Amino acid sequence: MGFVKRLLLNILANMGALYVVSELLGGTFLITGSYEGYFIAAIIFGILNSFVKPILKLISLPFVLITAGVFILVINGFLVWFAAYALEVLDFEGVRVIIEGGLGTYVSVAILMSIANMVIHWLLKK
């Protein structure tokens, strides 16, 4: 599969995953800006998962090993927070990630996005 096709499929899959997560969590996790908002958020999540997450996993490897992998939830929660922050700083007109409910919401989004990303990677490998 070509790089561009794989990239577009990954973005579309992340858009779908973000939509499903926002529907499952109701008002505690919301992406504004219609499909453009989901598209931009999917790109941000994709970049963070591709470049930042491997670095954080390597740096925090002792914690990941000590906690038998549970620390990856902390990493994923941080990436959710960082994606929301990045969208706020980049200031796309009408696009926001609104997260209410504190730590529980971040962990819920992190778990659901992790499951979605595992399914996405599994489907893209086939």
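What percentage of the 126 residues in the chain do buried residues make up? The points below take up this matter and others.

1. Basis of the note. This is a predicted model, in which local features need pLDDT of at least 70 and side-chain atom pairs count only at pLDDT 80 or more, while totals for chains, interfaces and linings use all residues. Residues are numbered from 1 along each chain as its sequence is written, and side-chain values use heavy atoms, with hydrogens and water left out.

2. Burial and surface. Buried residues make up 34% of the 126 residues in the chain. Here buried means under 20% relative accessible area, exposed means over 50%, and partly exposed lies in between (1.4 Å probe, protein chains only). The accessible surface of the chain comes to about 7,700 Å², and 74% of this belongs to carbon and sulfur atoms; the areas come from the Shrake-Rupley method with a 1.4 Å probe, and for residues only the protein chains shown count as cover.

3. Fold and dimensions. The chain has five helices and two strands, which follow the pattern α-β-α-α-α-β-α along the sequence. The radius of gyration is 14 Å, close to the 14 Å that the globule rule gives for 126 residues, so the chain is as compact as a globular protein of that length. Helices (H or I, at least four residues) and strands (E, at least two) are DSSP runs, numbered from the N terminus. The radius is taken over C-alpha atoms, and the globule rule is 2.2 Å times the number of residues to the power 0.38. Along its principal axes, the C-alpha trace spans about 40 × 40 × 25 Å.

4. Of the contacts with a separation of 6 or more, 69% are accounted for by residues 24 or more positions apart; contact means heavy atoms within 4.5 Å. The mean positions of the 7 positive and 6 negative charges are 24 Å apart. Lys and Arg count as positive and Asp and Glu as negative, while His and the chain ends are not counted. Each charge is placed at NZ of Lys, CZ of Arg, CG of Asp or CD of Glu.

5. Nonpolar core. The largest nonpolar core holds 28 residues, of which Leu18 and Phe29 touch the most other members. Two or more residues each come from helix H1 (3-25), strand S1 (29-31), helix H2 (34-59), helix H4 (71-90), strand S2 (97-99) and helix H5 (103-125). Such a core is a set of buried Ala, Val, Leu, Ile, Met, Phe, Trp, Tyr and Cys residues joined through side-chain atoms within 4.5 Å. Leaving aside neighbours within four places in sequence, Leu18 is in contact with Phe29, Ile31, Tyr38, Ala41, Ala42, Phe45 and Met113.

6. Valine 109. This residue of helix H5 is buried, with a relative accessible area of 0%. Neighbours within four places aside, valine 109 is in contact with Val21, Leu25, Phe29 and Val80.

7. Tryptophan 81. Found in helix H4, tryptophan 81 is partly exposed, with a relative accessible area of 38%.

8. Positive phi values. Most residues other than glycine have a negative phi. Serine 34, in helix H2, has a positive phi near 55 degrees and is partly exposed at a relative accessible area of 47%. Alanine 68 also has a positive phi, of about 55 degrees. Alanine 68 lies in the loop between helix H3 (61-66) and H4 and is exposed, with a relative accessible area of 70%.
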